[in-house]
Structures are given as C-alpha cells and as structure tokens.
Amino acid sequence: MMTNLTIPMLIARTSRRLAKQFALEQPNRQKAEQVYFNTLAICVVKDYLEWMGIATEVSAAESWNAIARLGSNVADLPVTGLGRIECRPMREHEPNCHIPPEVWCGRIGYVVVQIQDSLKEANILGFINRIDSQQFPLNQLQPIETLLTTLAELRLGVSSNNAIASQSPVVLLSQWLQGSFAESWQSFQAIFGEETLAYHFRNSPREGDGGVERATLIDLEMQFATQVVVLLVALTPEADRIAVRVRLYPPDGETYLPQNLRLALLSPEGEVLQEVRSRRQDNYIQLPRFTGESGERFSILVALENATIVEQFEI
C-alpha cells in the first residue's frame, strides 16, 4: 500500500537483530511474532524521528522492558520531554492495523508502520491522534507531518490534536502588587481546607515584606482521566526587579503529586528555561527562583502524560 502520504524507510540490520533477540525470549510463536514486528515498527519510527532531529528515549519504553513485552502488546516510543508515541505494525498485505485497548490512553498519538515481507523495508503510513476501536480505516490516517506539528505544538505547550492542552489569558503580576487579582487566583487559605492548611503553609515559600502570593487550580483533563493540582506563584519586589517563585501542590485532601508531573518555565518564544518533574511521593515541586523586570513575559507549563496547560504571565 503506497500513497502520497507514505514515507518509505529501510529497516536497519541492527533493528532486525534486536527484534529477533526480543522475539526469542517469548514463550510461543504467536507472541514471538508480535514482539518481532512491534520492535521493528518502533525502530523505524525512532530512525525517522531522529532523522528529523527529534530525540527519543527508547530505553525508557515499556516495550524495551522484558516483563512488559511478555505481558502486554505494547509498542511505545518515548519522545524526550513530551510523552509516548505508539508505533503499530501491520504486514504488507493486511487490510487493517490492530491497536489493542491497553494502549488507547497515555499516548501522544499512533503511527502506523507497514512492514514489507522482505523485512528490510517499511512504509510509515501515517499518524492518528486518538483511538477508540481495535480496527480503523486506514483512510483516517493523517500525514506523518501531522505528528511533527503535534510534537512542535506540545513543546510549546499548545495543542490542536485534542491531546488536551490550553493557554490562558496573560496574568498581569504588576496588578498583584497593587492588590488586584483575577477571580481564579485565590489566597492559599481559600484553596486549602483547614485540615491541610497548616501542613501546606509549613511547606509553602513564605515571602518577606511587600511580597504577595496567589494560587489557582489546574485541571489536567487527560483522555480517560482528570488530575487537579494547585499552582502557587509568589512575588517579592527586589529593587528594580521582581523575584518569582513557582510551586505545584496536590489538591486539598491529597498528600502526593502524581508521578512524572512536569513543571517548566518557558520563554516568550516557548523555549524551556527551567524544568522539574515530580517523583514518587513528592508533596510538592518547585522551580528555582528567578527574577524579571517590569514588562517581561514568561509562561509556566504544567503537563502530565498527554495533557498540557500553559499559564502566561507579565511582570
């Protein structure tokens, strides 16, 4: 199957050797074949993305874990700093691509790779951003360039592919220092109930005279779940500059943040200047303190799996 959307790729000998190695670990022929073709599809997409200058972390994939390969039908490829792509293989004369329900969530999207019978060549057929059935017509695929656009938008914290990302109106921090706040930005006391208030205050960045802090609820609406976190921004005037501190907390009633939650400082051009990620059992995470002059803009990105929220600020 060749269309004007198809990207032909050679399958490297090292990729075939690795796929065979993974396949030989499996308990039966059917599972071995599944793992073999999954591995080839991942290698093809990895080579394509690296050719396009996009870094991947295949060693961190579930599909590179021997236990995960044995127990599930997974073909994921982590893209550095953004999330996971699912790379689904199909044989040369198969009419459809099978995508198991276990990979219907937690993915940026899905790339379909047609493996030629020679096992030396493949065609990247296209990209689709969400799946809700095990079979879908191949004419629903979008050009692979759509994946590149999606990754670029996610890197900037903007999404047009329903992976759930949004940008807010610009928050004018100079108004905070004058005692004026938008309704969505509340005091720490208003966000947390009395039972957890003392705990969070003990861990919050207390500011000196003239400082101010406000918090807002961030709702990360993922494909099959939702996760609320609390974003706190604290300001302290320093001569002709403003010091800014940014933290993320779990919501009232919860103790820990979800694991691998991203908190990043972005430049006005969308470049990541600072970034931290939550670990297991983190009560909060924070960015290193930074300063800015009046009129300077920056953004704060909060992301989990394929959900991204960006809050824009002006000092």
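**View 1. Cys87, a buried cysteine.** At 0% relative accessibility, Cys87 counts as buried (under 20% relative accessible area, with exposed over 50% and partly exposed in between, using a 1.4 Å probe and protein chains only). This is a predicted model, where local features need pLDDT of at least 70 and side-chain atom pairs count only at pLDDT 80 or more, while totals for chains, interfaces and linings use all residues. Residues are numbered from 1 along each chain as its sequence is written, and side-chain values use heavy atoms, leaving out hydrogens and water.

**View 2. Cysteines without a disulfide partner.** How many disulfides does a search of the whole structure find? The search finds zero, a disulfide being a pair of cysteine sulfur atoms within 2.5 Å. For Cys43, the nearest cysteine sulfur belongs to Cys87, 9.3 Å away. Cys43 also counts as buried, at 7% relative accessibility.

**View 3. The largest nonpolar core.** Here we look at buried Ala, Val, Leu, Ile, Met, Phe, Trp, Tyr and Cys residues joined through side-chain atoms within 4.5 Å. Among the 35 residues of the largest such core, Leu49 and Val111 touch the most other members. Elements giving two or more residues include β1 (7–10), α2 (29–51) and β4 (109–115); helices (H or I, at least four residues) and strands (E, at least two) are DSSP runs, numbered from the N terminus. With ten residues, α2 gives the most to this core.

**View 4. Around Val111.** Leaving aside residues up to four places away in sequence, Val111 touches Val45, Ile85, Glu86, Cys87, Arg88, Ile124, Gly126, Phe127, Ile144 and Leu147 (contact means heavy atoms within 4.5 Å). Another core, of 30 residues, lies apart from the largest one, and Leu220 and Phe313 are among its members.
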